[in-house]
2 protein chains.
Amino acid sequence: MSLDAVLSRIDADLAQAADRLLRFIAIPSVSTDPAHAADCRAAADWLAAELSGMGLDASVRPTDGHPMVVAHGGGTGRPLLFYGHYDVQPVDPLDLWDRDPFDAAIEETPQGRVIRGRGAADDKGQLMTFVEACRAWKAVHGTLPARLTFLFEGEEESGSPSLVPFLERNADELRADLALICDTGMFDRDTPAITTQLRGILGQEVTIHAADKDLHSGQFGGLAANPIRVLARIVAALHDDQGRVTVPGFYDGVTELPDDIRAQWQGLGFDAAAFLGSVGLSHPAGETGRDPLEMIWSRPTCEVNGIAGGYAGAGFKTVLPAQARAKISFRLVGDQDPQAIRAAFRDMVRGMLPPDCRATFADHGASRASRMRIDDPAFEAARRALSDEWPNDAAFVGAGGSIPIAGHFNELLGMDSMLVGFGRDDDRIHSPNEKYDMESFHKGMRSWARILQAITR
Amino acid sequence: MSLDAVLSRIDADLAQAADRLLRFIAIPSVSTDPAHAADCRAAADWLAAELSGMGLDASVRPTDGHPMVVAHGGGTGRPLLFYGHYDVQPVDPLDLWDRDPFDAAIEETPQGRVIRGRGAADDKGQLMTFVEACRAWKAVHGTLPARLTFLFEGEEESGSPSLVPFLERNADELRADLALICDTGMFDRDTPAITTQLRGILGQEVTIHAADKDLHSGQFGGLAANPIRVLARIVAALHDDQGRVTVPGFYDGVTELPDDIRAQWQGLGFDAAAFLGSVGLSHPAGETGRDPLEMIWSRPTCEVNGIAGGYAGAGFKTVLPAQARAKISFRLVGDQDPQAIRAAFRDMVRGMLPPDCRATFADHGASRASRMRIDDPAFEAARRALSDEWPNDAAFVGAGGSIPIAGHFNELLGMDSMLVGFGRDDDRIHSPNEKYDMESFHKGMRSWARILQAITR
C-alpha cells in the first residue's frame with residue numbers, strides 16, 4: 001500500500017530528519033531583535049535550500065522586514081497551501097535555560113525523548129513535520145500528493161508586519177483550496193486536535209511620560225508626578241473585581257458559546273487542576289463564573305506582557321523616572337473589532353492621565369478571531385486520519401493563542417484553514433527550556449502523510 | 001590676612017584642582033553594580049593617595065563591601081570630622097548621555113562652565129571642595145586649621161551596608177566635636193544653605209511570584225494569575241486619592257511643621273513653578289493641601305523607583321511572566337520608625353495577594369529622619385561665613401533627600417552634623433548628563449576655607 005510505504009520511509013528516515021531539525025534550530029532566527037536580522041535571513045535560505053533539494057521551485061522573497069520563503073511543487077490534485085514560520089521567540093532570561101537554546105540536542109527525559117532548544121516546538125519542529133512528510137512522499141512516489149504551495153514567514157513572533165502586504169501583492173500565486181497550518185497543539189498526550197476556532201489579538205504598548213528627565217526621588221519625590229505610579233493605576237484599572245476587562249465597549253461582539261460546542265468541550269474532560277498544576281498554579285484567575293476551558297478558548301482577555309520603568313537592576317537607585325511603559329495584549333473572540341478596542345483603550349488611558357503626564361502608544365499587531373467552516377469534508381477526513389495514528393480519536397477544539405494568519409487567509413485569499421499540530425502543554429514555548437517531543441515529531445510526520453492521503457484522494 | 005592668602009591660593013590653583021577632579025571622576029566607582037567593585041577600590045586608593053600627598057595619615061580600610069578611606073591630620077584645634085562618599089550612581093540609560101559619563105570634561109554652557117560626568121556633583125565634586133580647601137590651607141599655613149579626620153565611604157549610593165558596623169568598630173577613632181558633610185545643595189543660584197533637617201529613607205523591593213515558569217499568554221492568559229497585574233494593583237493601592245500613603249500606621253510620628261520654621265521657609269520665596277518647570281513639569285503632584293516646599297522637605301512620601309516584569313525590550317513577546325518586581329522608597333520625617341513601616345508595608349502587600357501568588361522582599365537601607373541642633377554657635381558662624389562668599393545671605397533649610405550618615409553620627413558617635421553643599425537643582429544627579437558648576441566647585445572651596453576659619457578660631 002502506498003501510504004504504508006510512506007509511513008515506513010518516515011520511520012526509516014527519523015534520525016536524519018531529527019538531524020535536519022537540529023541544524024534548523026541552530027540558526028538563531030529571533031525576529032523581534034534587530035541584531036538577529038541576518039540569522040532570520042539565514043533561516044529562510046536554509047528552508048529554501050531544503051525545499052529546492054526536494055525538487056520544489058523554492059525562493060526567498062524580500063519584504064520590508066524579514067523575508068518570506070515560497071515554494072511550489074506537485075502538478076495535480078487539490079491545491080493546498082502549507083504555512084509555518086521560521087522565526088522564534090527571544091530566549092531571555094537566558095540564565096534559566098539548562099543548555100544553550102540554539103545548541104539544540106535530543107535529551108532523554110522521564111517522559112521520553114525530547115528535542116530541546118528555542119523553536120523546537122514553535123514552530124521549527126512543527127513545520128518540519130509537514131516538510132518531512134512531503135519528503136518521504138516524494139521519495140516513495142516520485143511526486144507530491146497534491147498541487148502544493150509552501151509559505152514560510154519570519155515575523156510571526158513579532159506581529160507579522162510584512163505579511164498582509166505580501167499576501168495582497170501575491171494573492172494569485174498563493175491562493176489555494178485550503179490552507180494547512182501546523183502551529184497548534186494536541187488536546188492531551190494521546191488526543192490529537194484540529195483547532196477550529198482561534199482568538200484574535202491586539203498588541204498595544206503604552207508609555208507614560210512625566211518630567212523631561214529622570215529625577216532624584218529625594219529632591220523631587222512627593223512633588224513631581226511619577227509615571228510608574230500613573231502606569232500602575234492604569235494597569236490596575238483594566239480589570240474589575242470580577243476579572244472582566246473594563247475598556248469601554250470591549251465586550252461588543254462577544255457571543256456566548258453555542259450549546260453544542262459547550263457540550264462537546266465538556267465531553268473532553270479537560271483537567272484544569274492538572275493544567276494549572278503543571279506550572280505550579282492551582283486557581284483559575286480569570287473571569288468569575290466561567291469554565292476554565294472557556295476562559296482560554298472562547299473568552300476575551302487583557303494581559304500585561306511586560307512592564308518597565310526606573311531602575312530595576314541589582315541594588316537600588318532613588319530615581320523618579322521620566323517614563324514607564326507596559327506591553328499589553330488583548331485576546332479577541334467572536335466579532336470583537338481590534339480597531340475599535342484599540343481606540344477605546346487609548347481613550348481610556350488618556351482619560352486617566354493626571355496633569356503633567358502624557359501617553360504615547362505603539363502598535364504590535366491586530367487581528368480578529370477566526371472560526372473555521374468544518375462542514376468542508378476535508379475536516380472530518382483529517383479527523384479520521386489523525387485518529388488512525390494516535391491512541392485516542394481526534395477532537396475539534398478551540399485555542400487560546402492567536403494565529404492571525406488564518407484570518408488573513410480568509411479575508412485576503414478567500415481560503416479556509418485547517419490547523420493541525422502536535423505541540424504539548426509542557427513544551428514551554430516562549431519560555432526557557434522549550435522542547436518538542438520526539439513522539440510529536442515522529443507521529444506528526446506520519447499524521448501529515450495520513451492527512452494528505454485522506455484529503456487529496 | 002591669612003584667610004585672604006588661602007583664598008588667593010585656591011584661586012591660583014583652580015585649574016589644577018579641576019584636573020584632579022576630572023581624574024577622580026574617570027574612575028567608574030558605581031557601588032551598586034558588582035562589576036565595578038575593582039573601580040570602587042581604585043577610587044578609594046586614589047583618595048588615600050591624594051590625602052597622603054597632603055601630609056595626612058591616610059589609609060584604605062577594608063569592609064565586607066567597598067572599603068572606607070580614613071585620614072587624620074592637624075594636631076590642634078577643635079576636632080572635626082569631614083564625611084563624603086566616593087561611589088556614584090549607575091549611568092543607565094547610557095544612550096541619554098551626551099558624552100561618556102566617565103570621560104568627564106569642562107564644558108561651556110549658557111549658564112557658565114560646568115564639569116560634566118557621573119559623580120561630578122554627587123559626591124566627587126562636592127567632597128573635593130573640602131579636600132582642596134584643606135590643601136590650600138596647608139600650602140599657606142603649613143598645617144591644617146583643626147584636628148581633622150576625613151571619612152569617605154564607597155556605598156552611599158547602595159544603602160551603606162558596611163557603614164554602621166564600621167562606625168561601631170571605630171567609634172573612638174572617628175568621634176569628633178562636629179561632623180561636616182558636603183552632599184547637599186544651594187537653596188538657589190545665589191543663596192547658600194545649611195541643611196538642618198533631613199528626611200529618612202526606607203528602601204524595599206517586592207517581587208510577586210505566580211507560575212513556576214514564564215507562560216504563553218495565549219495558552220494560559222485569562223486563566224493563570226499574572227504577577228504584573230497583581231503588582232500593579234499593589235502599587236496603585238499605596239496612595240489614596242489625596243496623595244496620602246495608605247500603609248497602615250505610616251503617619252505615626254509625623255508632626256506638623258512648627259510655625260517659626262514654616263514662616264522662615266515661606267520667607268525664602270521658593271518658586272515651585274520654576275522648580276518644576278526646570279524639569280518640564282507644572283503641577284505639584286503630592287499630597288493635597290500641602291505647600292510644595294513642605295512636600296519635599298518635611299512630608300513623608302512613598303515612591304516607586306523601579307518596576308520590571310515580563311518582556312519590555314524591542315518588539316513584543318506574548319509572555320505571562322512568572323514574576324514581577326518593584327523597588328519602592330519611603331522618605332521619612334519626624335519620629336517615623338522605618339522598622340514599623342517596613343513590617344506594615346509587607347503585611348499590606350501580603351494581604352493583597354490573590355490565590356497562587358506569593359511575595360518575597362529585599363531590604364535596601366533604612367534610616368530615621370534627622371534634625372540638627374542649630375544652637376551650636378558654629379552653625380551661625382558658618383552661616384555668616386557662607387554669606388561673605390555668596391551674593392545672598394545663607395539660609396537654614398530642610399532637604400528632601402536622605403543622608404542617613406547624619407543620623408548614624410548622632411546615634412553612634414554622639415556627634416551633630418553640619419550639612420553644607422554647593423549643588424544646584426539642575427545638576428541632574430542620578431540622571432544622565434550630571435554636571436557640577438565650576439562656580440560651585442570654585443566658590444565651594446572658598447566657602448570651606450571661610451567656614452573652617454570661622455568655626456575653629
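Predicted model: local features only at pLDDT ≥ 70, side-chain atom pairs only at ≥ 80, totals over all residues.
Local features were taken at pLDDT of at least 70 and side-chain atom pairs at pLDDT 80 or more, while totals for chains, interfaces and linings use all residues; side-chain values rest on heavy atoms, without hydrogens and water. Residues are numbered from 1 along each chain as its sequence is written, and chains are lettered from A in the order in which they are written.

Helices here are DSSP runs of H or I of at least four residues, and strands are E runs of at least two, numbered from the N terminus. Helix 2 of chain B contributes B:Arg20, B:Arg23 and B:Phe24 to the contact, and helix 3 of chain B contributes B:Ala43, B:Trp46, B:Leu47 and B:Glu50, with contact meaning heavy atoms within 4.5 Å.

In chain A, an unreviewed UniProt entry lists residues 198–355 as "domain: Peptidase M20 dimerisation"; such annotations may be inferred rather than shown by experiment. This stretch of chain A is 31% helix and 22% strand, and its end C-alpha atoms lie 41 Å apart.

Turning to the cysteines, zero disulfides (pairs of cysteine sulfur atoms within 2.5 Å) were found over all chains. For A:Cys302, the nearest cysteine sulfur is that of B:Cys357, 16 Å away. A:Cys302 is buried at a relative accessible area of 1%, where buried means under 20%, exposed over 50% and partly exposed in between, using a 1.4 Å probe and protein chains only.

A:Asp64, in the loop between strand 1 (57–61) and strand 2 (68–73) of chain A, is exposed at 86% relative accessible area. Cis peptide bonds join A:Asp92 to A:Pro93, with omega about 0°, and A:Asp122 to A:Asp123, with omega about 5°. A:Arg428, which is not a glycine, has a positive phi of about 55° and is partly exposed, with a relative accessible area of 31%. In chain B, phi of B:Arg428 is likewise positive, near 55°, and B:Arg428 is partly exposed at 30% relative accessibility.
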